[in-house]
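Hi everyone, thanks for coming.

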Amino acid sequence: MIISKTPLRISFAGGGSDLPSYYSQEPGKVISTSINKYVYVIIKKRFDDMIYINYSKKEIVSDVDQIEHDLVRESMKRTGIKNGVEITTLSDIPSSGSGLGSSSAITVGLLNAMYNYMNTIKSQEDLAEEACQIEIDICKNPIGKQDQYGCAIGGLKKIKFNSNGIVETEKIHYEYSSNLERNLYLCYTNITRSANAILSKQSKSSKKNKSQNHLIIKSVEEFKKILFSKDVDEVGIFLDKAWKLKKEMSEGITNQEIEKLYMEGKKAGAIGGKILGAGGGGFILFYVPRNSQQVFEQKMIKHTFLNFIFEKHGSKIIFLEG
């Protein structure tokens, strides 16, 4: 039996520039961090030649091509596993529409577990790139590359997407990370959605949104400077500006329920925030200064919050036997 553990991620700046429609013209950049909420993949050998897959539903098939779960199917093909296995995926949060990169975390975790099952060692960068190939090239999902790299490689980092397809990662050694993470709140909107439709619209609007895209790229270096300034509360102001810019990129990123929740959070004491991922639902990231947190928590008590801290390890194998 093998168990992989892959973190989810939150993105602070640069979202959208990881789409092929953008970085094929000029390099994109994103700053994100992995967090201590995870997707787990369990794989074990069966006594027969059947394939058992357990997720929100259960599949029992005799051939890889019969598998409905496209990420499991293509990961098995990629790693060379043909039959005689049972695969289970588990997640700390809703596995679709969260805005925390859960689908890509599943792909990375599947590849990590399956390669180890086949006694093949892959780097975190290799896992991220192969996850991109499966999700974008094979499954034709209209998504970018930031989630795969954000989940595979741990820690706070800047990710650069070059026009030649090469992705570069730069770890940000931020000594005040504990101060930042204590001021961040993840609030669940109670709305689940598929990111594909929103991202598809955003990708098609890439040329029309050229000026906004340049501002998004510029914001990445701005955010990095803010991280190393003495005033961590500047992060909240930055997120508020980034949210206003993000809403201009495509229809579907926000809606009445999200706007109502966002304004409720600001009235309760948040300086700023943003919807995570493609938008339309999932989680809102709020920044709340220390002296406003008690009142914020009291006023927002009816909402669901996900406690988290930053994570630095990325996808790894936590159990290997047999």
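Among the contacts in the chain with a separation of 6 or more, 74% are between residues 24 or more positions apart. Contact here means heavy atoms within 4.5 Å. Before I go on, please keep in mind that this is a predicted model: local features need pLDDT of at least 70, side-chain atom pairs count only at pLDDT 80 or more, and totals for chains, interfaces and linings use all residues. Residues are numbered from 1 along each chain as its sequence is written, and side-chain values use heavy atoms, with hydrogens and water left out.

Now the overall picture. The chain has 11 helices and 13 strands. Helices (H or I, at least four residues) and strands (E, at least two) are DSSP runs, numbered from the N terminus. Along the principal axes, the C-alpha atoms fill a box of roughly 60 × 45 × 40 Å. For 322 residues, a compact globule would have a radius of gyration near 20 Å, and the chain agrees, with 20 Å. That radius is taken over C-alpha atoms, and the globule rule is 2.2 Å times the number of residues to the power 0.38.

How much of the chain counts as buried? The figure is 56% of the 322 residues. Buried means under 20% relative accessible area, exposed means over 50%, and partly exposed is in between (1.4 Å probe, protein chains only). The accessible surface comes to about 14,400 Å², and 49% of that belongs to carbon and sulfur atoms. Those areas come from the Shrake-Rupley method with a 1.4 Å probe; for residues, only the protein chains shown count as cover.

Let's go inside. A nonpolar core is a set of buried Ala, Val, Leu, Ile, Met, Phe, Trp, Tyr and Cys residues joined through side-chain atoms within 4.5 Å. The largest one has 70 residues, and Ile10, Phe12, Met76, Leu180 and Leu186 touch the most other members. Helix H3 (residues 102–117) gives the most to this core, with eight residues. There is also a second, separate core of 19 residues, which includes Ile191, Trp243, Tyr262 and Ile275.

Which residues does Ile10 contact, leaving aside its neighbours within four places in sequence? Among them are Ser32, Leu100, Leu186, Leu276 and Phe310.

Next, the charged side chains. Side chains of opposite charge can pair when their charged atoms come close. The structure holds 18 salt bridges, each being a side-chain nitrogen of Lys or Arg within 4 Å of a carboxyl oxygen of Asp or Glu. One of them joins Lys29 and Glu221, at 3.4 Å from N to O. This pair links distant parts of the chain, with Lys29 in strand S2 (residues 28–45) and Glu221 in helix H8 (residues 210–227), 192 residues apart. Glu221 is partly exposed, at 27% relative accessible area.

Lys224 lies in H8 and Glu170 in strand S7 (residues 167–171), so the pair ties together parts that are 54 residues apart in sequence. Lys224 is buried, with a relative accessible area of 18%, whereas Glu170 is partly exposed at 32%. Through shared partners, salt bridges join Lys29, Lys158, Glu170, Glu221 and Lys224 into one network.

Here's another pair: Lys57 and Glu68, whose closest N and O atoms are 2.7 Å apart. Lys57 lies in the loop between strand S3 (51–54) and strand S4 (58–61), and Glu68 in the loop between S4 and helix H2 (70–79), so the bridge ties together parts that are 11 residues apart in sequence. Lys57 is partly exposed, with 38% relative accessible area, and Glu68 is exposed, with 55%.

Last stop, the backbone. Most residues other than glycine have a negative phi, and most peptide bonds are trans. In Asn119, though, phi is positive, near 60 degrees. Asn119 sits in the loop between H3 and helix H4 (124–138) and is exposed, with a relative accessible area of 71%. Lys140 also has a positive phi, of about 60 degrees, although it is not a glycine. You'll find Lys140 in the loop between H4 and helix H5 (146–152), and it is exposed at 63%.
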